[in-house]
Amino acid sequence: MLTQFIPIDYDYFDFQGRNYVKIIGRDEKSKRVCIIDSCPVFIWAVLKNNLPKEKIDKLIKKISKIQLDSKGRKTKVEKVELQEKNYLGKQVQALKIFVTNYKDLQEIASELDFKEIEKRRGHDLGFITHYIIEKKLSPLNWYEIEGEILNNSQEFGGIDMALEVNTCIKVDKIKKLEKQKEFQPKVLAYDIETDSLEIGEGEILMISLVGNKGTKKVLTWKKESSKKPNYVEYVKDEAELLEKFVEEVKKDSPDFLVGYFSDGFDLPYIKARAEKLGVKIKLGLDGTQPKFSKGTSLRAKINGIVHIDILRFIRTAYAQYMKSETLTLNEVAKEFLGDTKKPFEHRHSSDIKKIDWTEYFEYNLHDSVLTLGLFEKFWPDMLEFTKTIQEPTFDISRAGLSKYTESYILHNLEKFNEIPQRRPGYNESAERRALGGVKGAFVMDTKPGLYEDIAIFDFTSMHTSIIISHNISSSTLLDAPELKNLGYAELRKKYHESPETNEEGTKYYFTKKPGFFPTLLKEIFELRKRFKAEYVKNPNPITKARSNAFKVLSASAHGYIGFFGARYYSHEASAAILAFVRKFNKETISKVEKAGYKVIFGDTDSVGFLREGKSKQNIKKLLEKLNSELPGVMHLEQDGFFKRGLWVTTRAGTTGAKKKYAMLDEENKLKIRGFETVRRDWCQLSRKLQSKIIKDILQDGNGDKALKAVKKIIKEIKERKIPKEDLIIKTQLKKPLSEYKAQGPHVIAAKKMKEQGIPISQGGLVEYYLAETPNSKSKLVRDKVKLLHEAGQYNIEYYLNKQILPAVENIFQVFNIDIKELIEGKKQMTLGDF
DNA sequence: GGAGGTGACGTACC
DNA sequence: ACCGGTACGTCACCTCC
């Protein structure tokens, strides 16, 4: 039997003491196929240096005899091979110890307690990762599979009979297709509506299903609607609703079942209700129910169908580049799809009128439409991430940034004949954390003012290009003892020297012989460049997203090296990278100054300076000159020209504020950084006013219009004309309520919510406003806190002095105008100073 | 009981 | 715990007089 096959979902099982993978995918005719395969299981034992051959032979004999009999399994060492390998870039002799069962590798490792063995490695990858590395059957690539069809076979305990697939194949040969084909996955999005936000507390009223192959329905047992839209299907009760849901998923037969926050809400909710009602949710192709595993948060897996919680993917891969301030479906859909949720005011089902049920159905259906839309929007990225990192999409869509980097490395070690480093244990992680951080990037002091004609240069993927260009990593670091044996001339010739990493002047050295980590990073770096060029050539949301995705992957390498949980962590490497970052930033600043320009800002990888009448051609020449002096793949690029820019002082006083500026580009587009305008914990009123005056000032070059706008708002506040929604302050609850030492306003607001039965927990957004409290003498802000539905008048003094004044004061200070006097109404302002 | 410093906390920049 | 250092700003909380 020969078939084309694209692997989508990975699972594994044990049969007669051995491990097998069970991979669900599609063939060239889009039929569902399951393949079953196995691979050699082994652990590496790195030997001590210069062991005599006899000793090694003796050791091999001893190891070959190791047997385990535990957990109802007999596991043994099958064979032992002596190999020349690399470990952390150094040549070593290592024993490749083949074992019958992956699950017992840990226990086998503890049996390998021989003095000839220096280290035991390669047993903490996870069986699926190990399989993908060994057999090179990577997710979402096309393969030609040769094997034997299992048809009602007793092999593997009749596994094929229980599987809802067209074909089940026991693999013989795997060959990657030279010509990769496109893959259009079948996708089904779902969303539930319930009578409670607490998992399983209220009934599930309806479930919507929207697929990319035509499915579009709302299932419900609430037959109270005055008219039934044609996409609505009635069932008897909640139990039947759940059964019907499973049935419809099976009928649609998607590769991906997608929800929004479905790991944390929809699927756990369905599970809880199903348990209560005695219904089995047999969504898995093998008839199993969803499995929930707990890390820092819940993950819900369905065998054979990839369950995607699209929120999780967006959060890790995109949140930092998004405008959305919260990751609610509504806001994220607005940003990426230009569409929003349907308006519907949630009430308990007993409170919903006949006429409104239709609206509720529509609302429910549309949530799935949006969820599907988001999946399709991010599918190219998940596909690229999956293919690049070579871990299943289920994991990719939930993983953190360090996992992306690490998996990429693990799947590419073979090229370097490298034995994988192990994950740090609990104690090792603790030690790393105790070391503390390293000195970070340089941020230049600024001088407040309104500037004209600004040019910005910034380094392309600065940290990454530094790592690549100076061959920085844990394995290329020169050990302290070796350092002592080298003369300075030799040191400089054979090693990259870092700038001083701390006040004591510590420097680190990295060999010039290319290490596997920097080499691999270079590949990522090239991909990032390719996708960015693709985006520039063909700008559309997909090329943009992909370019961003690789930006994320490329940019997280440095964070990975400094992350205490990383296999290839290195405090020294991290310190050295940052030292280079400071050096190159400072050097660029001084070179630009030497070329005759006035530098006005610099932060980590960027430098901004005044053009002072010089042509763009001149700027370009300067850029070329600077680039010619940079090592390796380091590159400085032009980040646009700006007509005007505004820098202010800090609230406290006279120094210029860092990370806080606004600029207007040549297309009159604003770039606002750090100002209250871009901070979600300030009320809309301040944010809108501030962004208006910034815009006015940057466009006009003076503050006339801006001042009028401020006066107008002050008047409106005093006359109580401001609508409450403009006064809401939103703050996230970053930890459990009980852990707060300081009772800040948002903590008080959250406590009020709790008292009133409004769900709020860690990670939730607290919304409140500040009200007049005529009967209270308290000066504390927290005593003025009111929730939005609580009656009260907004506190005029608070909004004037704590929201409007701070948002505009420093801006007008640039023109020597004192807004405080205006607010207090003491003195009529003149515009003479403008 | 007000001034002023400090720590807790949240958010943004890169 | 799931990339991390630099920086800003508010508010509570403390000490001091």
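Two worked exercises follow, on a predicted model. Local features need pLDDT of at least 70 and side-chain atom pairs count only at pLDDT 80 or more, while totals for chains, interfaces and linings use all residues. Residues are numbered from 1 along each chain as its sequence is written, and side-chain values use heavy atoms, with hydrogens and water left out.

**Exercise 1.** Determine which residues surround DNA strand C and which elements give two or more residues to the surface near the strand.

Solution. Begin with the count: 33 residues surround DNA strand C, where near means that a heavy atom of the residue lies within 4 Å, and the closest are L401, S402, K660, R782 and Y798. Next, look at the phosphate oxygens of DNA strand C, taking a polar contact as a pair of N or O atoms within 3.5 Å: a polar side-chain atom of K660 lies 2.7 Å from one, and a side-chain N or O atom of K658 is 3.0 Å from one. Then assign elements, which are DSSP runs (helices H or I, at least four residues; strands E, at least two): those giving two or more residues are helix 10 (401-410), strand 25 (656-665) and helix 22 (796-813). Strand 25 supplies the largest share, four residues.

**Exercise 2.** Decide whether D191 is buried or exposed, and list its contacts beyond its neighbours within four places in sequence.

Solution. First locate D191, which is in strand 11 (residues 187-194). Its relative accessible area is 11%, so D191 is buried (under 20%; exposed is over 50%, partly exposed in between, with a 1.4 Å probe and protein chains only). Finally, leaving those neighbours aside, D191 is in contact (heavy atoms within 4.5 Å) with M206, I207, S208, D266, N364, D367 and S368.

Definitions and conventions. Chains are lettered from A and ligands numbered from 1 in the order in which they are written. A polar contact is a pair of N or O atoms within 3.5 Å; within protein, one must be able to donate a hydrogen and the other to accept it, and residues adjacent in sequence count only if both atoms are side-chain atoms.
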